[in-house]
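Subject: Handover of a predicted structure

Dear colleague,

Please find below the sequence and the structure that I am handing over to you. My notes on what was found follow directly after it.

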Amino acid sequence: MTASIEQYKIHQEPFYQAQGNEVQLYQAAYAARLPVMIKGPTGCGKSRFVEYMAWKLGRPLITVACNEDMTASDLVGRYLLDANGTRWLDGPLTVAARIGAICYLDEIVEARQDTTVVIHPLTDHRRTLPLDKKGELLGAHPDFQLVISYNPGYQSLMKDLKQSTKQRFTAFDFDYPEAGLEAGIVASETGLEQATTAKLVKIAAAARNLKGHGLDEGISTRLLVYAATLIKGGVAPVDACRMALVRPITDDADIRVTLDHAIDAVFA
Ligand SMILES: Nc1ncnc2c1ncn2[C@@H]1O[C@H](COP(=O)(O)OP(=O)(O)OP(=O)(O)O)[C@@H](O)[C@H]1O
Ligand SMILES: [Mg+2]
C-alpha cells in the first residue's frame, strides 16, 4: 500500500499561476473533503491546477480520462482471470478511495450516466464505494477527495450531468487567464521573453472573439505554449503561429485567412 501512495505522489512543485483565490478556496474545500468540479474550456489550466493542489496538499493524485466506452468496472475494478485463477483488481477510483488519494475524473460528461452514478455514494455523507461484484463495501480513506472536470462548451443536453450528480459538488469556473497573466504563464513555461508571449496572447484574443462565430473554441493557453516552444526552438514566429495556433483549431478557409492576417499584423 505504501508503495502505491508513493507512486501517485507529485514530488516536484508544478508551476501554477493562480488567477484569483482558487488555491485558498480549494484548500477550504479539501479541508472539509468536499467534492470539487472544475469547468472550463480546453487547455485553460484545469489539470495543472489539480496537479498543483495535490502537490500542495501532499496527497497522491490518480487521474482518469473518462470516455463514453468507460464502464463502472473500469472505475471500480473487476475480476481478472490468470494462470492462478481469478483475482480481483481494484480500479483507479477504488485505489484512490483506499489510499486516500485525490481522484481526478477528467471530462466526466463523456462517461455514460450509469457509470457516473458509481461516484454518488462517495460524494455524500456516506463516503463509501460499494464493490458489488466483490461483495465489499469500501469506506473511503479520510484523506480521499473526488475532483471532476468538464468543458461546458461541448455538451449536448443529452450529455450534461444530471442535477443529482452536479449537486454533489462545489464548483470552479475556469477560463483563459487575463492577458498579462497569460503572457507570464507562457513565458514561464517556455523561457520565451514576455514581449513575444504577449504578442501570442493578442492573437489568441482575436481567435477567442470568433468563438460562436465560426469557431467552436478559441486558441487555448496550451496552444500558446506550443507556439512559444516552437519560436524558442528557432522557428519563425509567423510559421510557428500558423502551425500551432491556427491549423489545429479550424479547417474553415475564411477563418484561417482572418487569423493569418491577425498573425501578420501582430508580427509585422
Ligand atoms: N494557470 C496556469 N499556470 C500554469 N500553467 C498553465 C496555467 N494555465 C494553463 N497553463 C498551461 O497550459 C497548459 C494546458 O493546461 P491544462 O492541461 O491544465 O489544461 P486543461 O484545462 O486541463 O485542458 P483540457 O480540458 O484539454 O484537459 C499547461 O500544460 C500549462 O502549460
Ligand atoms: Mg486536462
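I begin with a loop residue: Glu 107 is found in the loop between strand E5 (102–106) and helix H6 (113–116), where helices (H or I, at least four residues) and strands (E, at least two) are DSSP runs numbered from the N terminus. Glu 107 has a positive phi of about 55° although it is not a glycine. Most residues other than glycine have a negative phi. With 18 other C-beta atoms within 10 Å, Glu 107 is partly exposed; a residue is buried if 20 or more other C-beta atoms lie within 10 Å of its own, exposed if 12 or fewer, and partly exposed in between, with C-beta atoms placed from the backbone.

As to conventions, the model is predicted, so that local features need pLDDT of at least 70 and side-chain atom pairs count only at pLDDT 80 or more, while totals for chains, interfaces and linings use all residues. Residues are numbered from 1 along each chain as its sequence is written, and chains are lettered from A and ligands numbered from 1 in the order in which they are written.

Arg 33 is a further case of a residue that is not a glycine and yet has a positive phi, again of about 55°. Its place is the loop between helix H2 (22–31) and strand E1 (36–39). Arg 33 counts as partly exposed because it has 14 C-beta neighbours inside 10 Å.

Overall picture

The protein chain holds 12 helices and 9 strands. Its C-alpha atoms fill a box of roughly 65 × 40 × 40 Å along the principal axes. Of the 268 residues, 36% are buried. Among the contacts with a separation of 6 or more, 70% join residues 24 or more positions apart; two residues are in contact if their C-beta atoms, placed from the backbone, lie within 7 Å.

The domain assignment gives domain 1 (2–173) and domain 2 (179–267), with bounds that come from an automatic or database domain assignment. Their C-alpha centres lie 32 Å apart. Where the two meet, 9 residues of domain 1 are in contact with 10 residues of domain 2. On the domain 1 side these residues divide into 3 nonpolar, 6 polar and no charged; Ala, Val, Leu, Ile, Met, Phe, Trp, Tyr, Cys and Pro count as nonpolar, Asp, Glu, Lys and Arg as charged, and the others, Gly among them, as polar.

An open sheet of 5 strands runs in the order E2-E5-E8-E1-E9, with parallel pairing; two strands pair if DSSP finds at least two bridges between them. Strand E2 (61–65) and strand E9 (170–173) stand at the edges with a single partner strand each, so one side of each is left without a neighbour in the sheet. From one strand to the next, the twist averages 20°. E2 and E5 pair in the parallel sense over 5 bridges, and Leu 61 has Ile 102 as its bridge partner in E5.

H5 packs on the sheet and touches E2 and E5, its direction making about 165° with that of E2. Here axes are lines fitted to C-alpha atoms, for helices over the stretch in contact, and angles run from 0 to 180 degrees between N-to-C directions. Helix H5 (residues 92–99) is mostly covered, with 6 of its 8 residues buried: Leu 93, Thr 94, Val 95, Ala 96, Ala 97 and Ile 99. Gly 100 follows H5 and has a positive phi near 80°.

The hairpin

Strand E6 (residues 128–131) and strand E7 (residues 136–139) run antiparallel and are joined by 4 bridges. Leu 129 has Leu 138 as its bridge partner in E7. The hairpin has 4 residues between the strands, and Gly 135 takes a positive phi near 70°.

Which residues come nearest to ligand 1? Of the 18 residues around ligand 1, they are Thr 42, Gly 45, Lys 46, Ser 47 and Arg 48, a residue being near a molecule if its C-beta atom, placed from the backbone, lies within 6 Å of it. By class, the shell has 6 nonpolar, 8 polar and 4 charged residues. Helix H3 (46–57), helix H8 (179–190) and helix H10 (221–232) each supply at least two of the shell residues. Both domain 1 (2–173) and domain 2 (179–267) contribute at least three residues to the shell.

With kind regards
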